[in-house]
Amino acid sequence: MSGTRGKKSNTRSTRSAAVPGSKPLRELDAQQLRVLRSVGREWRRVSAEPDVWRRALPVDPDLGSLPTPAQITPARFGRVVPVSPFGPTASGAAPPPLVPVGTPDQGPPAPVAEPRPVDRPRSVYRLRRLLLGPALASTALARERMRKLVALPVLSADALSSVAYGPEALLAVLVLAGTAGLGYSIPIAATIVFLMLAIGISYRQTIRAYPRGGGSYIVASDNLGLFPGLTAAAGLMTDYILTVAVSISAGVAAITSAVPSLASSTVLIGVLAILVLLACNLRGIRQAGAIFAAPTYAFVIAMFALIVAGLVDAGGRDFHPVAHPAVNATEGLGILLVMRAFASGATAMTGIEAISNAVPAFKPVEWRNARTTLSWMVGLLVVLFAGIIALVHFSGILPRSQETVLSQLAHLSFGSGPMYVYTQAATAAVLLLAANTAFNDFPRVLSLLARDDHAPRLFARMGDRLAFSNGIILLSVAAGLVYVAFDGRTAALIPLYAVGVFLAFTLSQAGMVVHWWRLRDRHWRKSLLFNATGSLLSAIVLITAGITKFTEGAWVALVAVGLFLVVTTRIRRHYDTVAAALRLQRHAIELPHHTITPRAVVPPKGVEGVDGAPASREPRDPRAFDESERAQGAEEAEEVPEEIRHLSLVPIQTLDRAGMRALAYAASLQQPVLVIHVSTGVAEAERFRDQWLLWGDHLPLQELVSPYRAVIAPLVNYIEALHHQRPDLTLTVILPEIVVSQRRYSALHSRTAPRLRRALRPLRKVVVTTVPFHV
């Protein structure tokens, strides 16, 4: 963090989108701009001297300039680029230039305030840095993007690993009809392969139409409306939670198939695996990709080896299938059973959408690399799925409760030697790590919902490692609860699985049909045909799964979707209510019709002017501050009002009614006022500065640019630097605070005031107060 006066740039090249993962500063509409300008005129009218506010500061707010992105190199345990705590010297010399700790080739660093943790003990903070790594600046986002060879295992692990349980789920339903039912495995598998190709081609069209990322939520919202978009998001969120639970349960099943003695520890192993995934993903995209790439490629190699070995063995028999053992039918063979088997086998398609959701995570050119990766993924998925079904058909293997189908095939082809161990280990590893696809996409979709005010805004923020940390933690907790509730049994979780994903598929592809119909650009008919086919087939699977698996658990997914819609719409309604209440209204914020002038800084007790007269109350130079005053100000010894010298600090995020009320309150105290705005990037700082100048620039403004997206830490760092500059001053931090009438909505708003109060409590003569705005 470093201070900047926020000078307006003369070039348009500096303007860019807000930092990804942050809630952007809202643009004011024309009516709000007119009101803001009129409020500024009112401030000018009631001020005796319009420029007196700027001359009344007892400190120098400029503590240094913002370092360039190349200079931002934090210490290993640091979170902010530090600022000088000493400010101007007593002699009036300017402070030494600020150099971030650890910046190479810049000479010895200037004195800096040691970056310290906020709201947590130092030992806990250092442990967090040790586990997760040093904080990453927003400028490092480009380095965190993935190339195709890394994106393929990271984003395709869910889809590719589903061949470990998809074919088995299909056979587990058909076997209920006995030997006659197993004869339908090849036709149903062929239908699923066709569906994979159709959906894969459809999502290639989606990536072409939405090169910045076009998941189901965005596509359905843009083309079908808000409610279909939220419904698609509900399906996705449910699917991602179940993806983690199912992948972990299938991975643990692979382990217990090879080591039956671990069967009693199924739940414990699964929970530990979720915790490992949580820690890895909190470290950021690039490091998670490096961790998860090897197991996925190892699994693909194992499956190809298994398929080749099985087909060679079948070729020795002229591809004559081995007769299945006699199986007694427990259900009649009918259309409903075939439909159930089709819906169960279609779970092998989960994860196909992941790449279209994560287009911004690719290296440039993003959309082209995403389409290429999607093609690789669909091709591998088709080959692996069809190969496993073919091996089951030729080998005569049936599903067994004690051992997975893949384990039986590996035993048949490799015996119990090293290749069997390798196959089971690779399968277990990729299934345990396949949940990483959900860890990439769930937080991203949740951040989009938060930016649209359908989810708490804390989910829109990126953490220290440029990952959506809050969303990752929420997914881990939800998936862990589901996994424990179902005792880690894959068979019990599968019926819940297909509804959410195919709901999202259907709405996304239907939205693309509307998109091409409206756009009608080159090749629009071909694209519309692909997406219409994908939408129709997805709808068939959705209806089939909803009907045939309703009593087996699909109702749980449907209820979850319904609850999601209720919660998100209520959150949006609350945010809309708050936004309407915070809109600037001239009659609501007009100041009293009398002049206000800030009192000048009162010198220390005993200091007199010429001829023994009291010292002038005119604002003095903040540099004229000697060591005796520093020593006097270090103690909290004031006993009468005249001994207290004030500076009001007003951290403000937006110029809405709550913010303007806090400014008016601070000015009404007739003490020096300094306004502080923390921005996550230069573009946001410029946007706020434009609004500030439109208002009239009546108060001194210090803009702080936080390259690590934090707000509390840079603010504490800056206030601490001001405190070191003038420890004799009483710094009163005045914060606007939204107070909601219904307590259940309090979690939807920031907890800046209590966090800032806890962080500043160790500093003497720092007071934190709030100006409540009731909604």
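Before the exercises, a word on the model: it is predicted, so local features need pLDDT of at least 70 and side-chain atom pairs count only at pLDDT 80 or more, while totals for chains, interfaces and linings use all residues. Residues are numbered from 1 along each chain as its sequence is written, and side-chain values use heavy atoms, with hydrogens and water left out.

**Exercise 1.** Find the salt bridge of Asp313 and say how exposed its two residues are.

*Solution.* 
- Step 1: get the idea. Side chains of opposite charge can pair when their charged atoms come close.
- Step 2: get the rule. A salt bridge needs a side-chain nitrogen of Lys or Arg within 4 Å of a carboxyl oxygen of Asp or Glu. Six salt bridges come out of this rule.
- Step 3: look at Asp313. Its partner is Arg317, with 2.8 Å from N to O.
- Step 4: check the cover. Buried means under 20% relative accessible area, exposed means over 50%, and partly exposed is in between (1.4 Å probe, protein chains only). Asp313, at 45%, is partly exposed, and Arg317, at 27%, is partly exposed too.

**Exercise 2.** Trace the salt-bridge network that contains Asp728.

*Solution.* 
- Step 1: start with Arg645. Its closest N and O atoms to Asp728 are 3.1 Å apart, which makes a salt bridge.
- Step 2: (Helices, H or I with at least four residues, and strands, E with at least two, are DSSP runs numbered from the N terminus.)
- Step 3: Arg645, Arg726 and Asp728 make up one linked network. Arg645 and Asp728 are buried, and Arg726 is buried as well.

**Exercise 3.** Describe the ring pairs of Phe319 with Phe394 and of Trp692 with Trp695.

*Solution.* 
- Step 1: know the rule. Rings of Phe, Tyr and Trp (its six-membered ring) pair if their centres lie within 6.5 Å; planes under 30 degrees apart are stacked, over 60 edge-to-face, and the rest tilted. The structure has six aromatic pairs.
- Step 2: take Phe319 and Phe394. Their centres are 5.7 Å apart with 55 degrees between the planes, a tilted pair. Phe319 sits in the loop between α11 (285-315) and α12 (335-345) and Phe394 in helix α14 (residues 366-395), so the pair ties together parts 75 residues apart in sequence. Phe319 is partly exposed at 44%, whereas Phe394 is buried at 16%.
- Step 3: take Trp692 and Trp695. With centres 4.7 Å apart and planes at 55 degrees, this pair is tilted. They are three residues apart in helix α26 (residues 682-695), so about one helical turn separates them. Both Trp692 and Trp695 are buried.

**Exercise 4.** Which rings have Arg457 and Arg520 over them?

*Solution.* 
- Step 1: use the cut-offs. NZ of Lys or CZ of Arg must be within 6 Å of the ring centre and within 35 degrees of the ring normal.
- Step 2: read off the partners. The charged end of Arg457 sits over Tyr575, 4.0 Å from the ring centre. Arg520 lies over the face of Trp517, at 3.9 Å from the ring centre.
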